[in-house]
Amino acid sequence: MTMRIAVAISGRGSNLESLLRALQPGAPAAIVLVVTDRAEAAGLAHARSRNIPAMVLDPADAAAWLELLGENQIDLLVLAGYLRLVPAPVVAAYRGRIINTHPSLLPAFGGRGMYGERVHQAVLESGARETGVTIHLVDEVYDRGAVLAQQRVPVLRGDTAERLAARVLEVEHRLLPAAVLAAAAAGRPVVLGESPVTSHQSPGTSHQSRTRDKTPNSGSPGKP
Ligand code: GRF
């Protein structure tokens with residue numbers, strides 16, 4: 001059975017685009033709905049060009065979220081550059097079935113206010129030698145849920161936030177689809193590496209990925 005996916009975005013939508021590319025007809029999962037908190041989000045164009053319904057939702061209106069996800073029979077909600085908290089009743093109703101991509105090695109450089117260029121600027125200012133990408137389950141707190149997959153990205157001499165962001169984003173564009181395909185194969189989000197579809201990951205993804213938490217429902221503490 002095809003896993004029915006909703007993707008939430010707030011901006012450019014390049015991760016949405018990478019998912020749409022990975023989920024061609026015949027894939028075990030399909031994006032059937034795109035939601036946003038910002039009507040002007042550029043990434044909505046990716047949905048419209050493929051005739052995927054794109055809806056603006058009030059980030060605080062849990063009832064509207066639940067109704068929309070319910071009537072579209074959504075199995076998995078993917079936050080792909082969605083910058084707001086998912087309403088707590090939605091997290092409760094879809095616990096273990098909401099995932100997020102974050103452009104650092106959580107719990108480092110995560111939490112409220114840590115998004116976009118701020119993350120990479122903070123990495124550079126800290127003097128860290130590496131950063132990366134984390135795919136994790138979503139709970140009621142920003143960037144706190146259990147880790148499903150992480151991949152490291154080295155910080156290079158002379159990096160700017162912009163250059164680092166571009167290299168991290170390339171990795172996100174492989175790791176998020178790999179996590180979604182693994183979820184589709186297993187019927188729910190799984191720790192990458194335990195899934196039967198790891199061999200479908202892009203070259204360079206599987207051997208560099210590392211997993212941290214073998215119990216995806218346990219949650220892990222993050223920054224306030
Ligand atoms: C990604 O790096 C995502 O992890 C972060 O914001 C960026 C969104 O990029 N939260 P896009 O909108 O998918 O192009």
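Colleague: Where does A60 lie?
Modeller: This is a predicted model, so keep that in mind throughout. A60 is in the loop that runs between strand 3 (54–56) and helix 3 (62–71).

Colleague: Is A60 buried or exposed?
Modeller: A60 is exposed. Its relative accessible area is 65%, and the cut-off for exposed is over 50%.

Colleague: How far apart are A60 and D37 in space?
Modeller: 9.7 Å, taken C-alpha to C-alpha. In sequence, A60 and D37 are 23 residues apart.

Colleague: And S49, which loop is that in?
Modeller: S49 is in the loop between helix 2 (44–48) and strand 3. S49 counts as exposed, at 56% relative accessibility.

Colleague: What does the side chain of S49 lie 3.1 Å from?
Modeller: The backbone oxygen of H46. The distance runs from that oxygen to a polar atom of the S49 side chain.

Colleague: Let's switch to the ligand. What surrounds it?
Modeller: The shell is R12, G13, S14, N15, G81, T101, H102, P103, L169 and E172. By type, that is two nonpolar, six polar and two charged residues.

Colleague: Which elements supply at least two residues each to that shell?
Modeller: Helix 1 (14–22), strand 5 (98–102) and helix 6 (161–186).

Colleague: Which pocket is the ligand in?
Modeller: The ligand sits in the largest pocket.

Colleague: What about R12, how many Å from the ligand?
Modeller: 2.5 Å. That is from an N or O atom in the R12 side chain to an oxygen atom of the ligand.

Colleague: And G13 and N15? Side chain or backbone?
Modeller: Backbone for G13: an N or O atom there lies 2.8 Å from a ligand oxygen. Backbone for N15 as well, with an N or O atom 2.9 Å from an oxygen atom of the ligand.

Colleague: How much of the ligand does the protein bury?
Modeller: 89% of the 360 Å² that the ligand exposes when taken alone.

Colleague: Now the fold. How many helices and strands?
Modeller: Six helices and eight strands. Along the sequence, the pattern reads β-α-β-α-β-α-β-α-β-α-β-β-α-β.

Colleague: What share of the chain is buried?
Modeller: Buried residues are 51% of the 224 in the chain.

Colleague: F109 next. What is its phi?
Modeller: Near 60°, which is positive, and F109 is not a glycine. Most residues other than glycine have a negative phi. F109 also lies in the loop between strand 5 and helix 5.

Colleague: Is F109 buried or exposed?
Modeller: F109 counts as buried because its relative accessible area is 14%, and buried means under 20%.

Colleague: Which loop holds D143?
Modeller: The loop between strand 6 (130–137) and strand 7. Phi of D143 is near 60°, again a positive value in a residue other than glycine. D143 is buried, at 11% relative accessible area.

Colleague: And D159, where is that?
Modeller: D159 is in the loop between strand 7 (147–154) and helix 6. D159 is buried, with a relative accessible area of 13%.

Colleague: What does the D159 side chain reach at 2.8 Å?
Modeller: The backbone nitrogen of L156.

Colleague: Back to helix 6. Is L175 buried or exposed?
Modeller: L175, which is found in helix 6, is buried, with a relative accessible area of 0%.

Colleague: How far is L175 from Q151?
Modeller: Their C-alpha atoms are separated by 7.7 Å. Along the chain, L175 and Q151 are 24 residues apart.

Colleague: Last one: V190. Where is it?
Modeller: V190 is in the loop between helix 6 and strand 8 (209–210). V190 is buried, at 9% relative accessible area.

Colleague: And how far is V190 from L137?
Modeller: 9.3 Å in space, C-alpha to C-alpha. In sequence, V190 and L137 are 53 residues apart.

Methods: Residues are numbered from 1 along each chain as its sequence is written. This is a predicted model: local features need pLDDT of at least 70, side-chain atom pairs count only at pLDDT 80 or more; totals for chains, interfaces and linings use all residues. Side-chain values use heavy atoms; hydrogens and water are left out. A residue is near a molecule or strand if one of its heavy atoms lies within 4 Å of it. A polar contact is a pair of N or O atoms within 3.5 Å; within protein, one must be able to donate a hydrogen and the other to accept it, and residues adjacent in sequence count only if both atoms are side-chain atoms. Accessible areas come from the Shrake-Rupley method with a 1.4 Å probe; for residues, only the protein chains shown count as cover. On a 1 Å grid over the protein atoms alone, a cavity is a set of points where a 1.4 Å probe fits but cannot get out, and a pocket is an open set with protein on both sides within 12 Å along at least five of seven lines; lining residues have an atom within 4 Å of a point. A molecule sits in a cavity or pocket if more than half of its atoms lie within 2 Å of its grid points. Helices (H or I, at least four residues) and strands (E, at least two) are DSSP runs, numbered from the N terminus. Ala, Val, Leu, Ile, Met, Phe, Trp, Tyr, Cys and Pro count as nonpolar, Asp, Glu, Lys and Arg as charged, and the others, Gly among them, as polar. Buried means under 20% relative accessible area, exposed over 50%, partly exposed in between (1.4 Å probe, protein chains only).
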